[in-house]
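Dear colleague,

I am passing on the structure below, together with some notes on what turned up in it. Please read the notes beside the model.

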Amino acid sequence: MKKSLPSLIIDSAILLLFIMVVYVFAFSDSLSIIELPDSFYHLNTIFLSILIEALPFVLIGVIIAGIIQIFITEDQLKKWIPKNKYAAVFMSCVVGGLFPACECGIVPIVRRLISKGVPIYAGIGFLLTGPLINPIVIFSTYMAFGNDWQIALLRMGLGFLIALVISILISFLFQSNQLKTSVATVSSCQADSASGSQSFLDKVGKTLLHAVDEFFDMGKYLIIGAFLASFVQVYVSTNLLVSIGEGHVASLVVMMGLAYLLSLCSEADAFIGASFSNVFPQASILGFLIYGPMIDLKNTLMMLSVFKTRFVLIFVVIVTVTVFIMISLLQGFI
């Protein structure tokens, strides 16, 4: 299939980026023709650490997406999802909360669910709570804050409530699935899904093929997002942000901004958040822990590859405003 010009540009940029990484690690000691600053090596290290941290979850996500595509039919999903909109939102948030995934790995799963007929608001509920309040995240939060359950339980309870609010708002604003893929294309993909005429091994083979396609489709946006996040970590001064974040409102804005730009994996972000405990109020730390798993830089790029641009922009605004308002209201109580 012939690729579009933007796709070719993206693929070429990724290839160039990987060549640069290989050069730095394989030849920088022996070839001294080009002198690179120390900050570049630091950027390279952070970039690779973000990729290594996120890729296992993306791999798990695309395999699950492949299983959904091949083994689960639209009729089965319709039986599982409540007809009532609010019940569907609540169920999706609960299931997401029990599902161990990061904000990168959950995007291909949600795309596949929505393409199968899951309502957009239920998909968003799953997307928000999966990376935020799954058991691994809550336990890591408990450990990061000195075996103290307060922040972990606040993250889980308030995060769940915010996810419910956002999903309900989405249900009023959007009725269609908001996927970039046309209905015709989705239908043709679904023609390969669970069929009684296929053997189990045939289905497994098609699952792996779908997983590979999904991985390369999602992976390039993950790489770009990881590079931008590492660039921010190296070249944006944390001390400057700390100096700006004086007062409850400013500190919350700074911590939410950090969560977005750093694009940390939700299984590890609590340890970074805990390092700011002596600098910012507890409510601002909570904003960092809730906002980042819901939406960050690399996650936004991955969503832009799946959903319509207008939807993603509105979604980012809704998440940002809702988290800010809810945390601000909570500041007087913690």
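A residue is called buried when its relative accessible area is under 20%, exposed when it is over 50%, and partly exposed in between, with a 1.4 Å probe and protein chains only. By that criterion, 49% of the 334 residues of the protein chain count as buried.

This is a predicted model, in which local features need pLDDT of at least 70 and side-chain atom pairs count only at pLDDT 80 or more, while totals for chains, interfaces and linings use all residues. Residues are numbered from 1 along each chain as its sequence is written, and side-chain values use heavy atoms, with hydrogens and water left out.

The secondary structure comes to 16 helices and zero strands, where helices (H or I, at least four residues) and strands (E, at least two) are DSSP runs numbered from the N terminus. Of the contacts (heavy atoms within 4.5 Å) between residues at least 6 apart in sequence, 84% join residues at least 24 apart.

Helix α16, residues 309–330, has buried residues that include Phe311, Phe315, Ile318, Thr322, Met326 and Leu330.

Finally, Ile224 sits in helix α10 (residues 200–235) and is partly exposed, at a relative accessible area of 26%.

Best regards

Methods: Expected span 1.5 Å × (residues − 1).
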